Amino acid sequence: MTASNNDRFDSVQDDALVEIRDVVFGYGARPVLQGINLTARRGQVVAIMGSSGCGKTTLLRLIGGQVRATQGTVRVAGESLGELDAEGLYRLRRRMGMLFQFGALFTDITVFDNVAYPLREHTDLAEETIRDLVLMKLNAVGLTGAADLMPSALSGGMARRVALARAIALDPMLVMYDEPFAGLDPISLGVTGNLIRRLTDTLGLTSLVVTHDVQESLKIVDYVYFVSAGVIVAEGTAAEILASDLPYVHQFVHGEADGPVPFHYQAPAYAEDLGLRSSRA
Amino acid sequence: MLRRAIENLGSRTIDGVWRIGFAARFFVAVLLHSGTAFRRFGLTIREMYFSGVLSLIIILVSGLFVGMVLGLQGYETLQTYGSEEALGILVALSLVRELGPVVAALLFASRAGSAITAEIGLMKATEQLTAMEMMAVNPIARVIAPRFWAGVISMPFLAALFSAMGIFGGYLVGVQLIGVDEGAFWSQMQSAVDFEEDILNGIIKSVVFGVAITAIALFEGYDAPPTAEGVSGATTRTVVTSSLAVLALDFVLTAFMFRGV
Ligand SMILES: Nc1ncnc2c1ncn2[C@@H]1O[C@H](COP(=O)(O)OP(=O)(O)O)[C@@H](O)[C@H]1O
Ligand SMILES: [Mg+2]
């Protein structure tokens, strides 16, 4: 239930799709991740939870190869991201889908063309085949009717579902979702949750869901990691998390303001800010 | 106090140098990833429509008015020396050598350059470029390079059209309105304008301006902080920087091209 059950990883090495070992990363001098260990096995929906700014998106960027770990290894499908060249990275990314927090749809082309984009870029399929595939993917997210709309005509929840259709267009092995529940009404929330679970099961994907919506995600996930202050502070199955009495998990699951998570953003000492410097004259 | 000022100066200098280095690397990357822009030339043609064709109106109208003003002013001056027939030469040479490439480039910078920066900046701010990268599509090859080549190709055509409209404007005012002899207007122009000396040099100028403007516009957009202020600041910088670049380059190019004449 805590961060150190490594025996568990070793016994299931083979079906681990994403493996993160002792990863340290920071933007510039400020450390963000300080020794993360995480495994996502094939066919699972794995949630990464933590308060805003704790480095969840950064973790996805590491897995997508947008940034490189300063220490430790990130492996996806057995390939170590730190050792891949640009070409190898692109080859790997064709088998990953990423759902950005705000969809990141291409605003100058229609919904249909957005979903068709990866197919047109990476395959030589005939336009008719592409049409069938796109409509199939749109159908999977329940938005065939929106094919001819421009992205600006979509609501936030719809845009994210279109982005999901685009992310699964090339039938990836891994889909990463960055806060798929943020800003959704309760109905869309349930729809999105079920969609993630259903797509994972029917398409044989592995899903990594970054979220801070505990209630919604615990309904659909297989395994949960809690990130705080750059490390995994707790992990377990949904049932284990709900039953947990670790202070951090308790605070998070029950949304208490006071607890082990500090209220203040990491800052220089207040006195230093006021100009009362001690170390520098 | 002093120490802080020096620190500030130092960090600004370092930032500036770093940015120049980044810009140079960006430019090299655009050139290296230009294959797609030519292999899938449709991408480039699409951008030529957005930056070139949509700039046509402002270019044509401005060209016409600049030419008409040249006709009036030129006639006034030439008349005092009794050489009104040389009006055709004056209008054509001013346009083909200088005003065509330079004014068209300045208009292009404010019409198309700013639009390119805003578009790329917004694509970056809304994570469209990152999304593209995550789809294993290189945004430099797919988005940046086609826009670059579209601008470089469009610019000489726009300058030529500007000059053509200007000559027509000069003709309207000089010949039709004021009454300069039509035969003299055209024949003097024909004999005085040299293809290599004037027209080719004008084309070279406008190609150089096209490279400078689109490269600056694309870089500013690509480098813009991903916020509303960041993008609007970058758009302004594109217009200011690329206009100054056009004028400075024009001086340098003119000095090389026409020093012996
Ligand atoms: N591109 C960046 N440059 C510098 N700092 C960044 C950048 N992106 C994120 N950060 C910082 O890293 C920390 C983690 O960010 P992020 O991974 O986006 O958090 P989360 O997604 O968990 O809210 C934040 O404190 C943020 O300010
Ligand atoms: Mg985030």
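By class, the lining of the largest pocket has 17 nonpolar, six polar and 14 charged residues. In this scheme Ala, Val, Leu, Ile, Met, Phe, Trp, Tyr, Cys and Pro count as nonpolar, Asp, Glu, Lys and Arg as charged, and the others, Gly among them, as polar.

This is a predicted model, in which local features need pLDDT of at least 70, side-chain atom pairs count only at pLDDT 80 or more, and totals for chains, interfaces and linings use all residues. Residues are numbered from 1 along each chain as its sequence is written, chains are lettered from A and ligands numbered from 1 in the order in which they are written, and side-chain values use heavy atoms, with hydrogens and water left out.

**Stop 1: the largest pocket**

Select B:E133, B:N138, B:P139, B:I140 and B:Y222, which lie nearest the centre of the largest pocket among its 37 lining residues. Helix 3 (86-93) and helix 4 (111-122) of chain A each give two or more residues to this lining, and among the contributors from chain B are helix 5 (87-125), helix 7 (139-178) and helix 9 (195-223). The volume of the pocket is about 1400 Å³. A pocket here is an open set of points on a 1 Å grid over the protein atoms alone, with protein on both sides within 12 Å along at least five of seven lines; a cavity is a set of points where a 1.4 Å probe fits but cannot get out, and lining residues have an atom within 4 Å of a point. Grid points are joined across faces, edges and corners, and a volume is the space filled by probe spheres set on the points.

**Stop 2: the largest cavity**

There are three cavities of 30 Å³ or more in the structure. The largest cavity holds about 140 Å³ of space. To find it, select A:M96, A:G97, A:R166, A:A167 and B:M135, the closest to its centre of 15 lining residues. Strand 6 (96-99) and helix 6 (156-167) of chain A, with helix 6 of chain B, each supply at least two residues of the lining. Its classes are 11 nonpolar, one polar and three charged.

**Stop 3: chain B**

Helices (H or I, at least four residues) and strands (E, at least two) are DSSP runs, numbered from the N terminus. Along the principal axes, the C-alpha atoms of chain B fill a box of roughly 65 × 55 × 35 Å.

**Stop 4: the sheet in chain A**

Switch to chain A, where four strands form an open antiparallel sheet in the order 2-1-4-5. Strand 2 and strand 5 (79-80) are at the edges with a single partner strand each, so one side of each has no neighbour in the sheet. Two strands pair if DSSP finds at least two bridges between them. Strand 1 (residues 16-27) is joined to strand 2 by nine bridges, and to strand 4 (residues 71-76) by five. Click A:V23 to see A:I36 of strand 2 opposite, then A:V18, whose bridge partner in strand 4 is A:V76. Strands 1 and 2 form a hairpin with two residues between them, and A:G28 in the turn has a positive phi of about 60°.

**Stop 5: ligand 1**

- A side-chain N or O atom of A:R30 is 2.6 Å from an oxygen atom of ligand 1.
- A polar backbone atom of A:G53 is 2.6 Å from an oxygen atom of ligand 1.
- A polar side-chain atom of A:T58 is 2.5 Å from an oxygen atom of ligand 1.

Terms used: A polar contact is a pair of N or O atoms within 3.5 Å; within protein, one must be able to donate a hydrogen and the other to accept it, and residues adjacent in sequence count only if both atoms are side-chain atoms.
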